[in-house]
Amino acid sequence: MASILIIEDEPHAVSFLSKGLQQLGHRTLAVNNEERAIPLALSDMFDLVLLDLVLPELDSVSILGAIRAQNLQVPVIVVTALSSEEERLRALFLGANEYLAKPFSFERLMGYIHTYV
């Protein structure tokens, strides 16, 4: 199964994602601060990154940019409360593989995850 980095600050979302993914056999690590998120995202430890774009103490766009600037091929699925077409296109342009606006179904997320890992 996959090793998934969750970069998210909302405790309910972290719990929902972590528990659901772990029940399916995936390994997860959730972080919510830039000091840990960037080095982990740039490491070779994860098969996939789930990235929230709206984080109070984190510049998520910089994290996505850093991943792609290093030419890392790790898939990044953006999960965010921002649902505008402009935000979706911006994230995809910056290198996100998929974009899910909250709330989303867990089944849809799993479909994306199975596409990439």
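Visitor: How many bridges join strand S4 to strand S5, and do these strands run parallel or antiparallel?

Guide: The model is predicted, so local features are described only at pLDDT of at least 70 and side-chain atom pairs only at pLDDT 80 or more, while totals for chains, interfaces and linings use all residues. Residues are numbered from 1 along each chain as its sequence is written, and side-chain values use heavy atoms, leaving out hydrogens and water.

Strand S4 (residues 76–80) and strand S5 (residues 98–101) are joined by four bridges and run parallel. Strands and helices here are DSSP runs, numbered from the N terminus: a strand (E) has at least two residues and a helix (H or I) at least four. Two strands count as paired if DSSP finds at least two bridges between them. One of the positions to look for is valine 79, whose bridge partner in S5 is leucine 100.

Together with helix H4 (residues 85–93), S4 and S5 make a right-handed β-α-β unit. Right-handed means that, with the strands pointing away from the viewer, the path from the first strand over the helix to the second runs clockwise. Helix H4 contains glutamate 86. This residue is exposed, because its relative accessible area is 62%; exposed means over 50%, buried under 20%, and partly exposed in between, with a 1.4 Å probe and protein chains only. Glutamate 86 and aspartate 47 stand 39 residues apart along the chain, and their C-alpha atoms are separated by 27 Å.

On its other pairing, S4 is joined to strand S3 by three bridges, and these strands also run parallel. Leucine 50 has isoleucine 77 of S4 as its bridge partner. Here, too, there is a right-handed β-α-β unit, made by S3, helix H3 (residues 60–69) and S4. S3 pairs in turn with S1 in the parallel sense, over four bridges, and leucine 5 has valine 49 of S3 as its bridge partner.

S3 is covered on both faces: Leu48 and Leu50 are buried on one side, and Val49 and Leu51 are buried on the other. In a regular strand the side chains alternate between the two faces of the sheet.

Buried residues make up 44% of its 117 residues. Of the contacts with a separation of 6 or more, 63% are between residues 24 or more positions apart; a contact means heavy atoms within 4.5 Å.
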